[in-house]
Amino acid sequence: MSTLLSVDGLTKSFGGLHAVRAVSFDVVEGAITALIGPNGAGKTTVFNLVSGFLRADGGHARFAGEDVTGRAPREMAARGLVRTFQRVQLFVEMTVLDNVLVGAHLHTRGGLPAALLRTPTTRAERARVTAEDLKLLDRVGLAERASDPAGTLPFGQQRLLEIARALAARPRLLMLDEPAAGLNPAETARLGELIVRVRSEGLTVLFIEHDMNLVMTVADRVVVLDFGEKIAEGAPREIQRHPRVLEAYLGVEEPA
Amino acid sequence: MTSRIVMAAAVVAWLALLRFANDYVLTVLVLSGIYAIIAVGLNIFTGYTGQISFGHNAFAAIGGYASAILTTDRGWPPLVALVAGAGLAVATAALVGYPTLRLRGHYLAMGTLALGLISYVLSVQLEGLTRGFTGISGIPPLGVGSLVMTTPRGYFVAVWLLVAVATGSAWLIVHSRLGLALRAIRGGEDAARALGIDVTRYKIQALAISAAYASVAGSLFGHFVSYISPEAFGLYMVVLLFTMLFVGGIGTTAGPVVGAIVIGSLPEVLSGFKDYRELIYAAVLIVILLFAPRGVLGLFARRRPARAAA
């Protein structure tokens with residue numbers, strides 16, 4: 001079991017607010033790791049720091065053995081770290097299929113000359129990627145909506161499409177920011193199955209989640225943040241009984 | 001299917017005009033066609049990539065002045081001068097795009113507006129090169145070898161073939177991997193970045209591509225009118241271009257062309273109204289934008305956007 005992502009002493013403040021304070025944890029390759037914590041605990045900030053959307057004030061991130069602190073988002077994507085967003089970020093006016101095709105950007109070639117000449121190679125590549133992406137859409141149950149504008153999908157399907165798009169980028173580490181937010185129980189169950197399935201195909205998953213049921217059923221490891229600091233880390237069962245976690249979520253019980 | 005019918009209808013209309021229209025009508029349509037080429041290019045940058053440029057007159061001016069100066073003072077063949085102008089416009093776009101395309105929204109609008117203003121001032125002030133307000137006259141007609149355009153009919157053929165090439169190439173770009181990246185940037189820069197798209201590089205590329213269209217159109221304008229001056233490439237051009245995009249349908253394949261025809265010919269159609277012309281012109285624009293907020297083409301567009309071609 002090797003470490004794919006290693007976060008070491010990551011720190012970020014916004015003005016006087018310490019959003020993330022010296023947070024360290026490891027994401028084991030091939031495992032599903034959940035990042036949990038009350039609202040405002042700094043979970044999304046950690047995501048933004050690791051994926052290159054924010055620059056850390058201190059600390060390091062190592063991905064696949066290399067120091068990647070301060071790398072741009074697209075460089076992280078090229079290395080195989082692909083994320084989704086808490087507020088779904090689809091290309092709403094593009095079709096469902098086109099959204100996933102954009103996901104394959106890193107694994108396709110060709111600029112202006114390819115666009116204008118449309119050589120057999122270019123056409124063949126597009127046909128191949130389209131076939132792959134339609135399969136991907138089928139996995140999340142969206143194949144029938146392939147030619148509809150992404151913005152016309154119901155919210156739950158938009159979340160699934162965003163994940164399918166991320167998968168089209170063929171990540172090594174898939175980072176999902178609250179993938180179950182706004183989903184109904186059936187959709188959440190389906191999402192859980194999808195996460196487990198992609199892991200079984202060799203993908204590593206790190207996800208932020210408030211739905212504890214989902215966390216407890218799919219996560220191999222849980223990291224808990226509160227007020228920007230890591231307060232616990234361990235297997236789901238340990239976390240459920242961890243006194244500091246209970247305190248963070250439920251408040252301190254007044255001594256009688 | 002619908003697009004085939006539209007294309008066939010366009011070809012029929014083109015042939016009919018070529019056969020029956022008089023020089024006055026053809027002249028109006030040549031100028032509309034020249035504007036259509038700029039609008040098609042601007043549509044790639046604004047309609048599909050979602051970036052604002054209020055400085056596209058600068059690229060048309062580069063093409064116009066390059067052609068005028070190189071074919072009169074230097075005696076270059078028109079086609080070579082046209083290509084040279086386009087090269088210069090692309091280089092300028094890349095150079096200007098590098099710092100300004102880091103800006104977003106209003107800042108990009110202001111930055112490009114400055115570009116348009118600077119190009120106007122330069123075309124007035126660099127008298128040694130541009131002859132200032134006097135302008136450059138005696139620009140030779142467009143031609144390749146012994147084939148020289150001397151009539152509006154000749155220009156009508158050449159310009160509208162180029163409009164077809166411009167529209168076709170823009171369609172190819174939009175439906176390619178490059179076009180997917182550009183549309184993704186319009187859809188959301190953060191999501192595009194997260195998927196590995198080099199947003200700044202693609203924006204610069206989109207600006208450079210659209211600059212090439214504008215420059216070619218600027219060159220055509222110079223040859224057709226045989227005279228250019230700073231006024232031909234002022235900010236009013238930008239106002240016209242955006243009106244064309246919005247009236248025709250921004251972010252659609254044929255929208256810029258339809259908009260250019262409508263805006264280019266409307267003042268002529270309304271000329272019978274004399275003093276009330278401007279009033280009716282404005283009223284027609286308002287009615288179009290009220291009832292077709294997505295442009296004339298938006299009225300006919302299917303609910304879903306164009307599917308990616310295999």
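**Entry 1: sheet of chain A.** I looked up the pairing of strand E1 (residues 3-14) of chain A in this predicted model. Eight bridges join E1(A) to E2(A), and the two strands run antiparallel. I noted one bridge by name: Ser13(A) is partnered in E2(A) by His18(A). I then traced the open sheet, which has four strands in the order E2-E1-E4-E5 (chain A) with antiparallel pairing. Strand E2 (17-28) and strand E5 (66-67) of chain A each have a single partner strand, so one side of each lacks a neighbour in the sheet.

I next looked for a helix on this sheet and found H1 (residues 43-50) of chain A, which touches E1, E2 and strand E4 (58-63) of chain A. The direction of H1 makes about 115 degrees with that of E1(A).

**Entry 2: domains of chain A.** I took the bounds from the domain assignment: domain 1 (1-80 + 171-256) and domain 2 (93-169). Their centres, taken over C-alpha atoms, are 28 Å apart. I found twelve residues of domain 1 in contact with nine residues of domain 2. On the domain 1 side, helix H2 (73-79), strand E7 (173-177) and helix H7 (185-200) of chain A each give two or more residues. The largest share, three residues, comes from H7(A). By class, I recorded nine nonpolar, two polar and one charged residues on this side.

**Entry 3: helices of chains A and B.** I examined helix H3 (residues 96-103) of chain A against helix H8 (residues 177-187) of chain B; their axes come within 10 Å and cross at roughly 105 degrees. H3(A) is therefore roughly perpendicular to H8(B). Asp98(A), Leu101(A) and Val102(A) meet Leu180(B), Ala181(B) and Ala184(B) in this contact.

Conventions:
Residues numbered from 1 in each chain as written. Chains lettered and ligands numbered in written order. Predicted model: local features only at pLDDT ≥ 70, side-chain atom pairs only at ≥ 80, totals over all residues. Axes fitted to C-alpha atoms, helices over the stretch in contact; angles between N-to-C directions. Parallel < 35°, antiparallel > 145°, perpendicular 65-115°, else oblique. Contact = placed C-beta atoms within 7 Å. Pairing = 2+ DSSP bridges. Domains from an automatic or database assignment. Nonpolar A, V, L, I, M, F, W, Y, C, P; charged D, E, K, R; others polar.
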